[in-house]
Amino acid sequence: MESQSLTRVALLACGSFNPITNMHLRMFELARDHLEDTGQYSVVKGIISPVGDAYKKKGLIEASHRVEMARLATESSSWIKVDTWESFQPEWLETAKVVRHHYEEMLSAEHNSDDVDTVKYGKKRRVEENCFEGSVHQKKRDGPQLMLLCGADVLESFGIPNLWKQEDIAEIVGRYGLVCITRSGSDPHKFIHQSDVLWRHRKNIHIVHEWVTNEISATHVRRALRRGRSVRYLLPDSIVHYIQEHHLYSAESEQKNADVTLAPLQRYTTASSS
Ligand SMILES: Nc1ncnc2c1ncn2[C@@H]1O[C@H](COP(=O)(O)OP(=O)(O)OP(=O)(O)O)[C@@H](O)[C@H]1O
Ligand SMILES: NC(=O)c1ccc[n+]([C@@H]2O[C@H](COP(=O)(O)O)[C@@H](O)[C@H]2O)c1
Ligand SMILES: [Zn+2]
(Lines give C-alpha, C1' and ligand atoms only; values in the text may rest on other atoms or scores of the structure.)
(Ligands and ions follow the chains in the order given, each with its own letter.)
Protein backbone atom coordinates (compact mmCIF):
# COMPACT_ATOMS: atom_id res chain seq x y z
CA MET A 1 0.00 0.00 0.00
CA GLU A 2 1.18 3.51 -0.75
CA SER A 3 2.61 5.09 2.40
CA GLN A 4 0.54 8.21 1.68
CA SER A 5 -2.70 6.32 2.26
CA LEU A 6 -1.57 4.97 5.62
CA THR A 7 -2.82 6.62 8.80
CA ARG A 8 0.08 7.96 10.83
CA VAL A 9 -0.10 6.84 14.44
CA ALA A 10 1.68 7.90 17.61
CA LEU A 11 1.55 5.45 20.53
CA LEU A 12 1.33 6.86 24.04
CA ALA A 13 2.15 4.73 27.08
CA CYS A 14 1.20 6.12 30.49
CA GLY A 15 2.37 4.42 33.67
CA SER A 16 4.65 4.52 36.67
CA PHE A 17 7.78 3.17 34.94
CA ASN A 18 9.13 2.54 38.44
CA PRO A 19 11.58 1.58 36.96
CA ILE A 20 11.26 1.15 33.19
CA THR A 21 11.87 -2.47 32.12
CA ASN A 22 12.63 -4.23 28.84
CA MET A 23 8.98 -5.24 28.65
CA HIS A 24 7.86 -1.60 28.54
CA LEU A 25 10.08 -1.12 25.52
CA ARG A 26 8.92 -4.41 23.94
CA MET A 27 5.31 -3.21 24.18
CA PHE A 28 6.07 -0.50 21.63
CA GLU A 29 7.77 -2.87 19.19
CA LEU A 30 4.93 -5.39 19.46
CA ALA A 31 2.29 -2.69 18.97
CA ARG A 32 4.04 -1.17 15.96
CA ASP A 33 4.39 -4.55 14.21
CA HIS A 34 0.75 -5.35 14.91
CA LEU A 35 -0.63 -2.05 13.63
CA GLU A 36 1.60 -1.94 10.56
CA ASP A 37 0.69 -5.56 9.73
CA THR A 38 -2.91 -4.46 9.22
CA GLY A 39 -1.74 -2.44 6.19
CA GLN A 40 -3.65 0.61 7.49
CA TYR A 41 -1.19 2.35 9.76
CA SER A 42 2.29 3.76 9.85
CA VAL A 43 3.55 4.12 13.42
CA VAL A 44 5.64 7.26 13.48
CA LYS A 45 6.31 7.82 17.16
CA GLY A 46 6.21 6.20 20.58
CA ILE A 47 5.80 8.37 23.68
CA ILE A 48 6.54 7.25 27.23
CA SER A 49 4.83 9.45 29.79
CA PRO A 50 5.89 8.63 33.36
CA VAL A 51 3.15 9.53 35.84
CA GLY A 52 3.76 12.43 38.25
CA ASP A 53 4.58 11.94 41.94
CA ALA A 54 1.08 13.11 42.90
CA TYR A 55 -0.27 9.74 41.66
CA LYS A 56 0.80 8.49 45.13
CA LYS A 57 1.27 4.86 44.24
CA LYS A 58 2.99 2.81 46.91
CA GLY A 59 6.75 2.66 46.35
CA LEU A 60 6.68 5.33 43.62
CA ILE A 61 10.08 7.05 43.61
CA GLU A 62 10.65 10.63 42.39
CA ALA A 63 9.64 11.44 38.84
CA SER A 64 13.08 12.92 38.13
CA HIS A 65 14.70 9.49 38.57
CA ARG A 66 11.96 7.62 36.68
CA VAL A 67 12.18 10.09 33.81
CA GLU A 68 15.96 9.88 33.67
CA MET A 69 15.86 6.06 33.58
CA ALA A 70 13.26 6.15 30.80
CA ARG A 71 15.48 8.56 28.88
CA LEU A 72 18.48 6.27 29.22
CA ALA A 73 16.41 3.25 28.17
CA THR A 74 15.15 4.95 25.00
CA GLU A 75 18.52 6.33 23.90
CA SER A 76 18.98 3.44 21.49
CA SER A 77 15.53 3.79 19.92
CA SER A 78 15.01 5.95 16.87
CA TRP A 79 11.28 6.34 17.45
CA ILE A 80 10.43 5.94 21.17
CA LYS A 81 10.79 9.14 23.22
CA VAL A 82 10.11 10.21 26.78
CA ASP A 83 7.81 13.14 27.42
CA THR A 84 7.89 14.84 30.82
CA TRP A 85 4.83 17.09 30.55
CA GLU A 86 2.74 14.76 32.73
CA SER A 87 5.64 13.77 35.00
CA PHE A 88 6.19 17.22 36.46
CA GLN A 89 2.59 18.36 36.89
CA PRO A 90 1.93 19.33 40.51
CA GLU A 91 -1.32 17.38 40.56
CA TRP A 92 -2.17 13.94 39.22
CA LEU A 93 -3.80 14.13 35.79
CA GLU A 94 -6.41 11.83 34.34
CA THR A 95 -5.04 9.76 31.47
CA ALA A 96 -7.74 11.16 29.17
CA LYS A 97 -6.24 14.63 29.73
CA VAL A 98 -2.75 13.35 28.95
CA VAL A 99 -4.01 11.73 25.75
CA ARG A 100 -5.74 14.98 24.75
CA HIS A 101 -2.59 16.99 25.41
CA HIS A 102 -0.42 14.76 23.23
CA TYR A 103 -2.98 14.68 20.46
CA GLU A 104 -3.02 18.48 20.41
CA GLU A 105 0.79 18.51 20.33
CA MET A 106 0.78 16.07 17.45
CA LEU A 107 -1.67 18.19 15.49
CA SER A 108 0.27 21.38 16.06
CA ALA A 109 3.55 19.70 15.08
CA GLU A 110 1.94 18.55 11.81
CA HIS A 111 0.52 22.00 11.44
CA ASN A 112 3.87 23.67 11.72
CA SER A 113 5.69 21.23 9.48
CA ASP A 114 3.08 21.09 6.72
CA ASP A 115 1.87 24.64 7.10
CA VAL A 116 -1.64 23.23 7.03
CA ASP A 117 -4.61 25.52 7.01
CA THR A 118 -5.83 26.14 10.58
CA VAL A 119 -9.41 26.47 9.48
CA LYS A 120 -9.36 23.02 7.92
CA TYR A 121 -8.07 21.41 11.16
CA GLY A 122 -10.50 23.35 13.33
CA LYS A 123 -13.36 22.13 11.17
CA LYS A 124 -12.12 18.54 11.18
CA ARG A 125 -11.67 18.56 14.98
CA ARG A 126 -15.23 19.80 15.47
CA VAL A 127 -16.51 16.98 13.28
CA GLU A 128 -14.50 14.43 15.31
CA GLU A 129 -15.71 15.89 18.59
CA ASN A 130 -19.28 15.43 17.46
CA CYS A 131 -18.94 11.92 16.13
CA PHE A 132 -16.99 9.89 18.70
CA GLU A 133 -19.90 9.23 21.05
CA GLY A 134 -21.83 6.21 19.92
CA SER A 135 -19.67 5.59 16.87
CA VAL A 136 -19.42 1.89 16.18
CA HIS A 137 -15.86 2.24 15.02
CA GLN A 138 -13.34 4.95 14.47
CA LYS A 139 -13.95 7.02 11.39
CA LYS A 140 -11.33 6.83 8.68
CA ARG A 141 -9.43 10.06 8.94
CA ASP A 142 -6.79 11.69 6.87
CA GLY A 143 -5.07 13.25 9.90
CA PRO A 144 -2.73 11.54 12.34
CA GLN A 145 -4.02 9.39 15.19
CA LEU A 146 -2.87 8.99 18.75
CA MET A 147 -3.55 5.70 20.49
CA LEU A 148 -3.07 4.79 24.12
CA LEU A 149 -0.77 1.80 24.56
CA CYS A 150 -1.16 -0.35 27.66
CA GLY A 151 -0.94 -3.83 29.09
CA ALA A 152 -4.11 -5.86 29.66
CA ASP A 153 -3.96 -5.16 33.41
CA VAL A 154 -4.60 -1.47 32.74
CA LEU A 155 -7.55 -2.29 30.45
CA GLU A 156 -9.00 -4.51 33.18
CA SER A 157 -8.46 -1.74 35.74
CA PHE A 158 -11.25 0.15 33.88
CA GLY A 159 -13.62 -2.09 35.87
CA ILE A 160 -12.31 -1.09 39.32
CA PRO A 161 -14.86 1.14 41.09
CA ASN A 162 -13.80 4.80 41.55
CA LEU A 163 -10.63 4.44 39.50
CA TRP A 164 -11.74 5.69 36.07
CA LYS A 165 -14.53 8.03 35.02
CA GLN A 166 -16.86 6.37 32.51
CA GLU A 167 -16.67 9.39 30.20
CA ASP A 168 -12.86 9.17 30.19
CA ILE A 169 -12.98 5.51 29.15
CA ALA A 170 -15.49 6.37 26.41
CA GLU A 171 -13.29 9.23 25.20
CA ILE A 172 -10.07 7.18 25.17
CA VAL A 173 -11.52 4.23 23.28
CA GLY A 174 -14.11 6.15 21.28
CA ARG A 175 -12.15 9.11 20.04
CA TYR A 176 -8.53 7.95 20.18
CA GLY A 177 -8.14 4.16 20.32
CA LEU A 178 -6.31 1.67 22.44
CA VAL A 179 -3.59 -0.88 21.81
CA CYS A 180 -3.51 -3.50 24.51
CA ILE A 181 -0.73 -6.07 25.01
CA THR A 182 -1.79 -9.38 26.58
CA ARG A 183 -0.39 -10.14 30.01
CA SER A 184 -0.71 -13.45 31.81
CA GLY A 185 -3.65 -13.52 34.20
CA SER A 186 -5.67 -11.16 31.97
CA ASP A 187 -8.29 -11.95 29.38
CA PRO A 188 -8.84 -8.71 27.43
CA HIS A 189 -11.27 -10.26 24.90
CA LYS A 190 -13.54 -11.46 27.70
CA PHE A 191 -13.25 -8.11 29.47
CA ILE A 192 -14.28 -6.22 26.30
CA HIS A 193 -17.16 -8.62 25.75
CA GLN A 194 -18.46 -7.94 29.25
CA SER A 195 -18.25 -4.14 29.03
CA ASP A 196 -20.88 -2.27 26.99
CA VAL A 197 -18.70 0.78 26.37
CA LEU A 198 -15.64 -1.25 25.34
CA TRP A 199 -17.74 -3.53 23.16
CA ARG A 200 -19.31 -0.52 21.44
CA HIS A 201 -15.87 0.77 20.52
CA ARG A 202 -14.28 -2.66 20.01
CA LYS A 203 -13.06 -1.74 16.52
CA ASN A 204 -10.85 0.91 18.15
CA ILE A 205 -9.25 -1.60 20.52
CA HIS A 206 -6.31 -3.51 19.12
CA ILE A 207 -5.37 -6.54 21.16
CA VAL A 208 -1.79 -7.65 20.58
CA HIS A 209 -1.02 -11.18 21.62
CA GLU A 210 2.45 -11.53 23.11
CA TRP A 211 3.35 -15.16 22.43
CA VAL A 212 6.69 -14.94 24.18
CA THR A 213 5.01 -14.60 27.53
CA ASN A 214 7.13 -12.30 29.58
CA GLU A 215 6.18 -11.55 33.12
CA ILE A 216 8.76 -8.89 33.81
CA SER A 217 7.13 -6.36 36.07
CA ALA A 218 8.52 -3.31 37.82
CA THR A 219 7.21 -4.79 41.10
CA HIS A 220 9.36 -7.87 40.54
CA VAL A 221 12.39 -5.72 39.72
CA ARG A 222 11.97 -3.60 42.88
CA ARG A 223 11.54 -6.72 45.01
CA ALA A 224 14.70 -8.30 43.59
CA LEU A 225 16.64 -5.07 44.18
CA ARG A 226 15.51 -4.88 47.83
CA ARG A 227 16.79 -8.39 48.29
CA GLY A 228 20.13 -7.64 46.67
CA ARG A 229 19.36 -9.96 43.75
CA SER A 230 20.49 -9.35 40.18
CA VAL A 231 18.09 -7.61 37.82
CA ARG A 232 20.49 -7.70 34.91
CA TYR A 233 18.85 -8.48 31.52
CA LEU A 234 15.41 -7.53 32.85
CA LEU A 235 16.24 -3.92 32.11
CA PRO A 236 18.98 -2.22 30.10
CA ASP A 237 22.46 -2.20 31.71
CA SER A 238 22.46 1.61 31.78
CA ILE A 239 19.40 1.51 34.08
CA VAL A 240 20.96 -1.12 36.35
CA HIS A 241 23.97 1.20 36.73
CA TYR A 242 21.78 4.25 37.33
CA ILE A 243 19.90 2.41 40.09
CA GLN A 244 23.17 1.35 41.76
CA GLU A 245 24.72 4.78 41.45
CA HIS A 246 21.72 6.53 43.02
CA HIS A 247 20.93 3.78 45.58
CA LEU A 248 17.33 3.53 44.38
CA TYR A 249 14.74 0.99 45.52
CA SER A 250 15.21 0.08 49.14
CA ALA A 251 12.84 -1.26 51.79
CA GLU A 252 12.36 2.37 52.78
CA SER A 253 11.43 3.64 49.28
CA GLU A 254 8.90 0.80 48.96
CA GLN A 255 7.06 2.30 51.96
CA LYS A 256 6.56 5.64 50.20
CA ASN A 257 2.83 6.46 50.02
CA ALA A 258 2.06 3.29 52.00
CA ASP A 259 -0.60 5.11 54.02
CA VAL A 260 -1.84 7.40 51.24
CA THR A 261 -4.80 6.72 48.95
CA LEU A 262 -4.03 6.50 45.22
CA ALA A 263 -4.88 9.88 43.62
CA PRO A 264 -7.76 8.72 41.35
CA LEU A 265 -9.42 6.77 44.17
CA GLN A 266 -9.04 9.78 46.42
CA ARG A 267 -10.49 12.12 43.78
CA TYR A 268 -13.49 10.06 42.75
CA THR A 269 -14.35 8.69 46.18
CA THR A 270 -14.38 12.21 47.62
CA ALA A 271 -16.33 13.50 44.61
CA SER A 272 -19.05 10.84 44.89
CA SER A 273 -19.45 11.20 48.64
CA SER A 274 -19.70 14.99 48.59
N1 LIG B 1 5.03 -7.74 31.13
C2 LIG B 1 4.15 -6.89 30.61
N3 LIG B 1 3.28 -7.27 29.62
C4 LIG B 1 2.38 -6.39 29.11
N5 LIG B 1 2.28 -5.09 29.51
C6 LIG B 1 3.10 -4.65 30.46
C7 LIG B 1 4.08 -5.52 31.06
N8 LIG B 1 4.77 -4.80 32.01
C9 LIG B 1 4.23 -3.57 32.00
N10 LIG B 1 3.24 -3.47 31.09
C11 LIG B 1 2.43 -2.28 30.80
O12 LIG B 1 3.28 -1.14 30.83
C13 LIG B 1 2.55 0.03 31.25
C14 LIG B 1 3.26 0.71 32.39
O15 LIG B 1 3.18 -0.19 33.46
P16 LIG B 1 3.80 -0.02 34.87
O17 LIG B 1 4.70 1.15 34.96
O18 LIG B 1 2.74 -0.18 35.90
O19 LIG B 1 4.75 -1.32 34.89
P20 LIG B 1 4.57 -2.63 35.70
O21 LIG B 1 5.69 -3.53 35.31
O22 LIG B 1 3.17 -3.14 35.58
O23 LIG B 1 4.83 -2.03 37.15
P24 LIG B 1 4.19 -2.38 38.56
O25 LIG B 1 4.58 -3.81 38.83
O26 LIG B 1 4.84 -1.38 39.46
O27 LIG B 1 2.71 -2.18 38.42
C28 LIG B 1 1.16 -0.50 31.64
O29 LIG B 1 0.29 -0.28 30.54
C30 LIG B 1 1.37 -1.99 31.87
O31 LIG B 1 0.21 -2.74 31.63
N1 LIG C 1 -8.84 7.71 35.83
C2 LIG C 1 -7.70 7.68 35.22
O3 LIG C 1 -7.43 8.42 34.30
C4 LIG C 1 -6.65 6.69 35.72
C5 LIG C 1 -6.90 5.83 36.77
C6 LIG C 1 -5.90 4.95 37.17
C7 LIG C 1 -4.66 4.96 36.54
N8 LIG C 1 -4.47 5.83 35.51
C9 LIG C 1 -3.17 5.90 34.84
O10 LIG C 1 -2.80 4.63 34.40
C11 LIG C 1 -1.42 4.44 34.60
C12 LIG C 1 -1.30 3.23 35.48
O13 LIG C 1 -0.04 3.07 35.94
P14 LIG C 1 0.27 1.91 36.99
O15 LIG C 1 -0.17 0.63 36.32
O16 LIG C 1 1.75 1.97 37.19
O17 LIG C 1 -0.50 2.18 38.24
C18 LIG C 1 -0.88 5.76 35.18
O19 LIG C 1 -0.39 6.54 34.13
C20 LIG C 1 -2.11 6.42 35.77
O21 LIG C 1 -2.09 7.85 35.74
C22 LIG C 1 -5.42 6.67 35.09
ZN1 LIG D 1 1.64 -1.95 36.61
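Here is the tour, stop by stop.

This is a predicted model, where local features need pLDDT of at least 70, side-chain atom pairs count only at pLDDT 80 or more, and totals for chains, interfaces and linings use all residues. Residues are numbered from 1 along each chain as written, chains are lettered from A and ligands numbered from 1 in written order, and side-chain values use heavy atoms, leaving out hydrogens and water.

**Stop one: ligand 1.** Select ligand 1 and the 18 residues around it; Phe 17, His 24, Asp 153, Ala 218 and Thr 219 come nearest (a residue is near if one of its heavy atoms lies within 4 Å). Now pick Asp 153: an N or O atom in its side chain is 2.5 Å from an oxygen atom of ligand 1. Gly 151 puts a backbone N or O atom 2.9 Å from a ligand 1 oxygen. On its own, ligand 1 exposes 590 Å², and the protein buries 93% of that (Shrake-Rupley areas, 1.4 Å probe). By class, its shell has seven nonpolar, seven polar and four charged residues (Ala, Val, Leu, Ile, Met, Phe, Trp, Tyr, Cys and Pro are nonpolar; Asp, Glu, Lys and Arg charged; the others, Gly among them, polar).

**Stop two: ligand 2.** Next, show the 13 residues around ligand 2, with Ser 16, Tyr 55, Lys 57, Thr 95 and Leu 163 nearest. Which polar side-chain atom lies 2.8 Å from an oxygen atom of ligand 2? Click on Tyr 55 to find it. Lys 57 also has a polar side-chain atom 2.9 Å from a ligand 2 oxygen. The shell here divides into eight nonpolar, three polar and two charged residues.

Definitions and conventions
A polar contact is a pair of N or O atoms within 3.5 Å; within protein, one must be able to donate a hydrogen and the other to accept it, and residues adjacent in sequence count only if both atoms are side-chain atoms.
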